[in-house]
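These are my notebook entries on one structure. I recorded each item as I looked it up.

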Amino acid sequence: MVSRFFPTWYGGPRIPNPDMYGTDRDGWLTEYKVVRAEALSLAPSSLTFEEAASLPCAAVTGWSALAGVRAGDTVLTQGSGGVSLFALQLAKLLGARVIATTSSAQNGERLKSFGADAVVDYVETPQWAAAVRALTAGRGVDRVVDVGGPGTLAESLKAVAYGGEVALVGALGESKAGLDFMGLFMSQATLRCISVGSRVDVEAMNRAVDAHAMRPVIDRVFPFAEAKSAFAHYAGGKVFGKIVIRH
């Protein structure tokens, strides 16, 4: 079984301010925990416990950000964080072409090894939307999974195809110029805010992961007694994939 980010959001539109672990309820860094049965979902049978533990937040967010993507669509992911890596893998699972932005050639090669069809170095090319459009014969991408928020949204809007969608996941990037309203209006793009997902989303994703034998990218597994080291490793900023604390 796996937990869910929002234990009481079962399906349908997002409910206002649903309970979540770590704020409204105690989190999972504990030896024992009692929860209601309806707060859990079946884990993909093809995964280890450590792999399944990486799914409830970042993977479900990536899955929700890809809602409506069809085989043959082009998806843009940003960087190599947890949501972006899962979005890359899940988009390929859905039959999409994936373009990924990256900060280094090394990370670019690793992204390609997990399925990215093309990469754009945003350090070498700060106005990366033009490069993305060049990779799509000028059309742009059908879906942008935007994790940078104020630091990337302007370029995301330039990279998205006419009538496409920008799924807003986070705000990791530094704030830059304000939103270009006319650019948004003329693109006819949809902006959709993503908030992880419901039990229906979790279970649909888990079935897809099982059916396609998709393996989450695990950076490192720490034993429970070394939980502090796990947080220090994460804070070091050199993580590629998920960090798991195993009990």
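I looked up Ser64 and found that it counts as buried, because its relative accessibility is 9% (buried means under 20% relative accessible area, exposed over 50%, partly exposed in between, with a 1.4 Å probe and protein chains only). Ser64 lies in helix α2; helices (H or I, at least four residues) and strands (E, at least two) are DSSP runs, numbered from the N terminus. Leaving out residues up to four places away in sequence, I listed Arg192, Ile194, Val196, Gly197 and Asp201 as touching Ser64, where contact means heavy atoms within 4.5 Å.

I noted that this is a predicted model, in which local features need pLDDT of at least 70, side-chain atom pairs count only at pLDDT 80 or more, and totals for chains, interfaces and linings use all residues. Residues are numbered from 1 along each chain as its sequence is written, and side-chain values use heavy atoms, without hydrogens and water.

Next I looked up the largest nonpolar core, which has 39 residues (a set of buried Ala, Val, Leu, Ile, Met, Phe, Trp, Tyr and Cys residues joined through side-chain atoms within 4.5 Å). Helix α3 gives the most to this core, with 8 residues. A second, separate core has 17 residues, including Leu76 and Val144.

Finally, I searched the whole structure for disulfides (pairs of cysteine sulfur atoms within 2.5 Å) and found 0. The sulfur of Cys57 is 16 Å from the closest cysteine sulfur, that of Cys193, so the two are too far apart for a bond. Cys57 counts as partly exposed at 36% relative accessibility, and Cys193 counts as exposed at 67%.
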